[in-house]
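Take a slow look at the chains before reading on. Then follow the text from one element to the next.

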Amino acid sequence: MPEMTLIDALREAMDEELARDPRVFITGEDVGKRGGVFRATMGLYEKYGEKRIIDSPLAELSIVAIGIGAACAGLLPICEIQFADFIHPAFNQIVNEAAKMYYRSGGTWNVPMTIRAPYGGGIGGGLYHSQSVEAFFTHVPGLKVVIPSTPHDAKGLLKSAVRDPNPVLFFEPKKGYRSIKGEVPAGDYTVPLGKARHAREGSDLSVYAYGMMAHYAVQAAEQVAREDGIQCDVIDLRTLLPVDKESILASFKKTGKALIVYEDNLTMGYGAEIAAILSGEGFEYMDAPIRRLGAPDVPAVPFSHPLQEAFMPNPHKIATAMRDLAAY
Amino acid sequence: MSALTKTQLSRPSEQLSNETLLDMYWHMLLSRRTDERAWVLHRQGKIAFHISGMGHEATQVGAAFAINRGVDYVVPYYRDLALVMALGITPRDFMLSLFGKAGEISSKARQMPSHWGSKAHHILSTSSPVATQVPQAAGMAFAIKYQRENGLLDPNDAAQPRLALTCLGEGSTSQGEWHEGMNWAGVHTLPFICIVQNNNYAISVPIEQQMAVSHVAERAIAYGVQGVTVDGTDILAFYDVMRAAVARAYNGEGATLIEAKCYRLTPHSSDDDDRSYRPREEVEEAKRTDAILRYEQHLMGRGILSDALKQDYEQRARQMVDEAQRYAENAPYPEESSLYEDIYA
C-alpha cells in the first residue's frame, strides 16, 4: 500500500471524486492555477480545467453562498476556505443558511456541499492563520463537522463528505499536511461519517482527541507506555458532529478515566461536550475527574515562537496529563 | 450614466394576448385581496404577524410572467406574495403559513409567514436576514451555466431552469452579501436577474441614508452587468424590461440588475407603525396611483376588462380567500414529533 502525506491523500480524494462525478467542482481562493496556497488542489486545474476548478473572487461569504445555491441546483461543490480563520465572514451563510435549509424547507431543499478549511496552530501563523473554529459549528444541528488525523481517513472521509447530502465542514490539521504520513489504499473507498476511530488499545485511561491532537495523543501514549507502563485507549473522534457517543462511552466503560485533548481554547470548547456525555451517561464507570487539556483562554495563537509553543498542546504536555490522570 | 440609458426597448408586452393580460390582472388582484385579508386577520387577533407586499404587485406579477414559471429558479424575499402566487403558491398555502398550521408547504410551518420556498415550484427556501439569498441565487445561476458548459444540461431545453431570479428591497443592497452575489454574476456572466424593489424605505430609513447614488441601478456598472431603472407600478413597462433581461440570461449574455420603483402601501409589517416616518399625504398619493388601479384603467381603456368581468374576478378572489381562511382555521397544528424531522437529509 502506498504511503503518502495527509495533503496528498486529500488531493487524491478530490481527484477521484472529480473523475467519478461531473457534478463535483471546486471553488475557492487560488485553487486553480496556483493549486491552492497549501497545494491541496495542485494539478487538478490542469486535469479538469477552468470550468470545474474555479478561482473565486477574494470573498469567503460568496464562496459558501455560491456553493449553497449550486448545491441546491444539483451540483456537488467542494468549497475551499483558505484558512479556517477566514471562515467568519461566511458564518451567517453556514449557520443560518446551509445548516437550516433542509429544516426550514420542510425536508425538500438540501445542501450537499463540502467546505474544506485548513485549521490549527503551530505553524508560525499568528492570530489569523492558526485558529481552531470547530466549536462554533459543532453547536449547529444540520451541519456535519469532520476532522481527519491520518492520510487514510483524510481520503475516505473527504469522499464521504462530498457524497453526503448535507453541508459538511471538513477541517484539516494543516500542521500535519506534510508531517503526517501513512498508508493509503489506492482507488475508491470511503470512511463513514459519524464514527470515531479506535487509534490505540489500552485499559488505564481513555484519551479523546481529533486532528493534530489525535496524532500527538498516539505519540504521547506510546511514550507513557514505554516509560511508565501506562496503557492509554486513544479515540480519534474523526467526526465531531454528529458525535459518536457509542465509541466514546465504550472506551470509558473500560477505563473509567478520561483525558480530552484539543488545541482550541479550553473553555466552552468541544471537549466540554465530551465531558458532559461522559458524566451524564457514564457516571457509574467514572474513577477520576474528567480532565481536559486545551489551549489557554487567550484570544488567539501568538506569532512569536515561544508564545506559540506555550499556547499549543504537544506530545510532552499530553504525556504529562496522562501521567497525572493515571496516578489519580 | 450609461447604465441608465433609456433602453430602446421593444415592447413584447404588445404581443401578449388578452387572455394573458387578464391573467396578469387576476394575479395582482388575488394577491392584493389575500394580503388585505391577512391584515384583517391580524387586526382581529387571529394571526400573530403579517408582512405585506401591497404596492409591489405590478413588479412581481410582471416578473413572474416574463420567466418560465415554475421552471426557472426564483429566490424571493418576504414582500413577494404576488410573485410566488403567480408561480403557483395558493391563498390556502399562504393562510396555512399565517396560522402556522399543518400542511404548510414552504417549511411545515416552521418559518414565519412570507418566508417562501417550494422545491416543486423551483422557489428556493429563504431566511430572514436580508440579502443572504442574493449570492445563493447567483450560485443557482452558476449551476445552470456549469451544467450547460459541462454537458449536463441542454441550453435550449425549456423544461429545465435557464436562469435564476432574485428579489430584495433597496435597503438590503447595503449588505455585503448583495455585493458579493452581484460580483459573481458579473465575473461569470451568469444567467441571473436581480430585481431591487425600491420603495424608498427600509422600514423607516429613507434611501438617502442607504446609498449616495440616486438610483440603485447605477451600481450595475460596478459589477459589469446591465442596469435599468423602471416604474415598478407599471406592469407592462416592467414586463418589457424583464423580457429583455430574460433574453440576455437565456442567450448567455449575462446578468441584469433591475431597479423597480415601487411604493409600499402599508407599514413594513404588522408590528410597524409608519406614521412616525412617512407623511400621510405621501401614502395617500401613492394609493391614488396604485398599480392595480392603473392597470385596471389601462385594460378598461383597451376594452379588455369590463365592470362585469371585474366583479366576477372580485367575487372569485373573495371566494378563494374565504375558503383558504376557513381551511387554515380548521386545519390542525403540526404534530409535536415533527419538531425533530428534517434535520439531516
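Helices here are DSSP runs of H or I with at least four residues, strands are runs of E with at least two, and both are numbered from the N terminus. This is a predicted model, where local features need pLDDT of at least 70 and side-chain atom pairs count only at pLDDT 80 or more, while totals for chains, interfaces and linings use all residues. Residues are numbered from 1 along each chain as its sequence is written, and chains are lettered from A and ligands numbered from 1 in the order in which they are written.

Stay with the helix pair. Helix α4 of chain B covers residues 91-99, and helix α11 of chain B covers residues 307-330. They pack at an angle of about 40°, with axes 8 Å apart. Axes are lines fitted to C-alpha atoms, for helices over the stretch in contact, and angles run from 0 to 180 degrees between N-to-C directions. That angle makes α4(B) oblique to α11(B), since under 35 degrees is roughly parallel, over 145 roughly antiparallel, 65 to 115 roughly perpendicular, and the rest oblique. Among the residues of α4(B) that meet α11(B) are B:Met95 and B:Leu96. Contact means C-beta atoms, placed from the backbone, within 7 Å.

Now find the sheet in chain B. What is the order of its five strands? The order is β1-β2-β3-β7-β6, in an open sheet with parallel pairing. Two strands pair if DSSP finds at least two bridges between them. β1 (73-75) and β6 (226-231) of chain B stand at the edges with a single partner strand each, so one side of each lacks a neighbour in the sheet. The twist averages 20° from one strand to the next. Three bridges link β1(B) to β2(B), residues 164-169. B:Tyr73 has B:Ala164 as its bridge partner in β2(B). Helix α5 of chain B (residues 133-149) packs on this sheet and touches β1, β2 and β3 of chain B.

Chain A has an open sheet of five strands too. Its order is β9-β11-β10-β13-β14, and its pairing is mixed. The edge strands are β9 (197-200) and β14 (291-295) of chain A. Four bridges join β13(A) to β14(A), which run parallel. A:Asn265 stands opposite A:Ala295 in β14(A). Helix α8 of chain A (residues 212-228) lies across β9, β10, β11 and β13 of chain A.

Note on methods. Contact = placed C-beta atoms within 7 Å.
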